[in-house]
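Take a look at the protein below, and keep the model open as you read. We will go through its strands, its confidence values and its charged pairs.

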Amino acid sequence: MRLDDERESTNIEDVRGSGGGGRMPLRIGGIGGVVLILGALYFGVDPQIVLNLLEGGANLTENSQTVAQAPSPADDAQKQFIARVLASTEDVWTSYFSQMGKTYHAPYLVLFSGGTNSACGYAQTASGPFYCPADQKVYLDLGFFQELQDRLGAGGEFARAYVVAHEVGHHVQNQLGIMQQMNQQYGAAQRGAGSQSVRLELQADCFAGVWAKRADDAKHILENGDVESGLNAAAAVGDDRLQKETQGYVVPDSFTHGTSAQRVTWFRRGLSSGDIRQCDTFSASSL
């Protein structure tokens, strides 16, 4: 990606190395519950364990002290890259919202290591990257990118940019009132192949594609292979692929984010159109 000469966002909170681990209660519901389920899949934890705890209203407690490590030079380079990607999303969505007669309020992105508090509960590395609508922040442990590359086979700069753009896509949904409407009408805990949770996630994928298209049109940030990298990342985090890898079989009734093919389809739709009107997953009869 051609981002070396681009500005870095100042909307980053770096709490790495702050000793954020420890005995902190984890109370996550709604969108946060969906996040934990996917996090379990990412890191090989049986998602049913998480579902049982969430459905039982249990509070999870960290029983061991998490040792936060100081950022490495490689992590600092990744931080710069993430800051530039975040700045690009700010530019794109600020412009797009202005065209719609709206004002875009950019989210903060929290970089943490091990764990940290969020308004959606205690964030851990195993949660994976997520957006918390309660404090309008994106939470990210940079170690996830190594997992994305080594375990899921989705490396490259644009794969990392896709992850950030997807989470920012949730913030766009929040800003547009889509997330609130879904929660009011259906509840965020709904699961299944055609569920509202899946539609919410696929729309965030489409919004990530919209960002990439508009950012590239404005500043030509994409290089050869970048699109393929993004599509590979979208496919890598499909519910079917993650379930097949972690438990050996697929359970469509437990889907929360969509299949690999669906994630690629909706990301590609946003990427080809640059138009959020093409991202209406909630009205789509077929995903």
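Strand β8, residues 137-140, is covered on both faces in this predicted model. K137 and Y139 are buried on one side, and V138 and L140 are buried on the other.

Which strands pair with β8? One is β4, residues 108-111, which runs parallel to β8 and is joined to it by 4 bridges. Here Y108 stands opposite K137. Another is β7, residues 130-132, which pairs with β8 in the antiparallel sense over 3 bridges. In that pairing, F130 has Y139 as its bridge partner. The hairpin made by β7 and β8 has 4 residues between the strands, and Q136 takes a positive phi near 55° in this hairpin.

Strand β4 also has a link to β1, residues 12-14: the two run parallel and are joined by 3 bridges.

How far can you trust what you see? The mean pLDDT of the protein is 79, and 74% of its residues reach 70 or more. Confidence is highest in β4, at a mean of 96, and lowest in strand β2 (residues 25-26), at a mean of 32. Over residues 21-68 the pLDDT is below 50, although this stretch has 101 contacts in the model beyond near neighbours in sequence. Where pLDDT is low, the predicted coordinates should not be read in detail.

Now turn to helix α3, residues 73-99, which holds E90. Is E90 buried or exposed? E90 is buried, because its relative accessible area is 8%, and buried means under 20%. Leaving aside neighbours within four places in sequence, E90 is in contact with R7, S9, N11, Y104 and A106.

One of those contacts involves charge. A search of the whole structure finds 13 salt bridges, and the table shows three of them, with the distance from N to O.

| Salt bridge | N to O distance |
|---|---|
| E90 and R7 | 2.9 Å |
| K79 and D14 | 3.2 Å |
| D91 and K219 | 3.9 Å |

Start with E90 and R7, whose side chains meet in a salt bridge. E90 lies in helix α3 and R7 in the segment before β1, so the pair ties together parts that are 83 residues apart in sequence.

K79 and D14 form another salt bridge. This pair links helix α3, where K79 sits, with strand β1, which holds D14, across 65 residues. K79 is partly exposed, with a relative accessible area of 27%, and D14 is partly exposed too, at 30%.

Through shared partners, salt bridges join E6, R7, E90, D91 and K219 into one network.

Key
Residues numbered from 1 in each chain as written. Predicted model: local features only at pLDDT ≥ 70, side-chain atom pairs only at ≥ 80, totals over all residues. Heavy atoms only, no water. Buried < 20%, exposed > 50% of the residue type's maximum accessible area, 1.4 Å probe, protein only. Pairing = 2+ DSSP bridges. pLDDT = per-residue confidence, 0-100. Contact = heavy atoms within 4.5 Å. Salt bridge = Lys/Arg side-chain N within 4 Å of Asp/Glu carboxyl O.
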